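Dear colleague,

Please find below the structure that I am handing over to you, together with its sequence.

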Amino acid sequence: MSETKKTEKSRLGNGAIVAICCSFVIGMVGAAYAAVPLYEMFCKVTGYGGTTQRVEQASDVILDKKIKVRFDANVGPGLPWTFEPMQREVEIRIGETVQVFYKARNNASTPTTGQATFNVTPEATGAYFNKVQCFCFTETTLKPGEEMDMPVVFFVDPEIVEPVETKGVHTITLSYTFYPREASKPLVSAADGKADDVNKL
């Protein structure tokens, strides 16, 4: 084989290695960006880390067995709010749909916006703690000095009594932490934009 052909093959081989390495790096970067949303999706589906479930309808099975649910409230740095549960705990039948309230107050002299993160403990119960309605699904804006009662509608899935890791659980703690958020700006439609342009003429 001539030296020219050997050189060409060597270049082709090196080019393939470079292409494979580049593809690997790009794939790793893409995986890093996808990791957070995929992890959040995994937690929502499995209840991992105490992540509760969001459902559209209440349970149609209610057991005679009862379970106690305690409520915890926290405020993250930078949000000048007072936030607390209106009742510290309830005892409910497993599968029973109940509504409880938290209360938030904006102590600042300007409007502020927050959104709550949430989890339950023991963490294994997250897959069985179902929310039908919750203030945590959206951000909340409070005017200066404004107070708001915030409902949570939930039930504990009757299947919680089946797995070994949850069948002996008698108390669940539902915990929220409010963090500051930038208020979402309303979208301006093309029609509104044209109307504004006409008004300026």
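The notes that follow cover the sheet, the nonpolar core and the disulfide.

Please bear in mind throughout that this is a predicted model.

The sheet

An open sheet is built from 5 strands, and its order reads β4-β2-β10-β6-β8. The pairing within this sheet is mixed. Its edges are taken by β4 (89-93) and β8 (140-142); each has a single partner strand, so one side of each is left without a neighbour in the sheet. From one strand to the next, the twist averages 30°.

Strand β6, which spans residues 112-121, is paired with both β8 and β10. With β8 it runs antiparallel, and 3 bridges join the two. Along this pairing, Gly-114 has Thr-140 of β8 as its bridge partner, while Thr-113 stands opposite Thr-141 in β8. The pairing of β6 with β10 (residues 171-180) is also in the antiparallel sense and extends over 8 bridges. Here, Leu-174 in β10 is the bridge partner of Val-120.

The nonpolar core

The largest nonpolar core comprises 33 residues. Phe-83, Tyr-102, Phe-135, Val-152, Phe-154 and Tyr-176 are the residues with the most contacts inside it. At least two residues of this core come from each of the following strands: β2 (66-75), β3 (81-85), β4, β5 (98-106), β6, β7 (129-134), β9 (147-156) and β10.

Which residues does Phe-83 contact, leaving aside its neighbours within four places in sequence? They include the aromatic residues Tyr-102, Phe-135, Tyr-176 and Phe-178. Phe-83 is also in contact with Ala-73, Asn-74 and Val-75, with Lys-103 and Ala-104, and with Met-150. Of these contacts, Tyr-102, Phe-135 and Tyr-176 are themselves among the residues with the most contacts inside the core.

The disulfide

How many disulfides does the model contain? The count comes to 1. The link joins Cys-134 and Cys-136, whose sulfur atoms lie 2.3 Å apart. This link is right-handed, with 130° about the S-S bond.

Are the two cysteines buried or exposed? Residues under 20% relative accessible area count as buried. Cys-134 therefore counts as buried, at 7% relative accessibility. Cys-136 is likewise buried, because its relative accessible area is 5%.

Yours sincerely

Conventions
Residues are numbered from 1 along each chain as its sequence is written. This is a predicted model: local features need pLDDT of at least 70, side-chain atom pairs count only at pLDDT 80 or more; totals for chains, interfaces and linings use all residues. Side-chain values use heavy atoms; hydrogens and water are left out. Two strands pair if DSSP finds at least two bridges between them. Helices (H or I, at least four residues) and strands (E, at least two) are DSSP runs, numbered from the N terminus. Axes are lines fitted to C-alpha atoms, for helices over the stretch in contact, and angles run from 0 to 180 degrees between N-to-C directions. A nonpolar core is a set of buried Ala, Val, Leu, Ile, Met, Phe, Trp, Tyr and Cys residues joined through side-chain atoms within 4.5 Å. Buried means under 20% relative accessible area, exposed over 50%, partly exposed in between (1.4 Å probe, protein chains only). Contact means heavy atoms within 4.5 Å. A disulfide is a pair of cysteine sulfur atoms within 2.5 Å.
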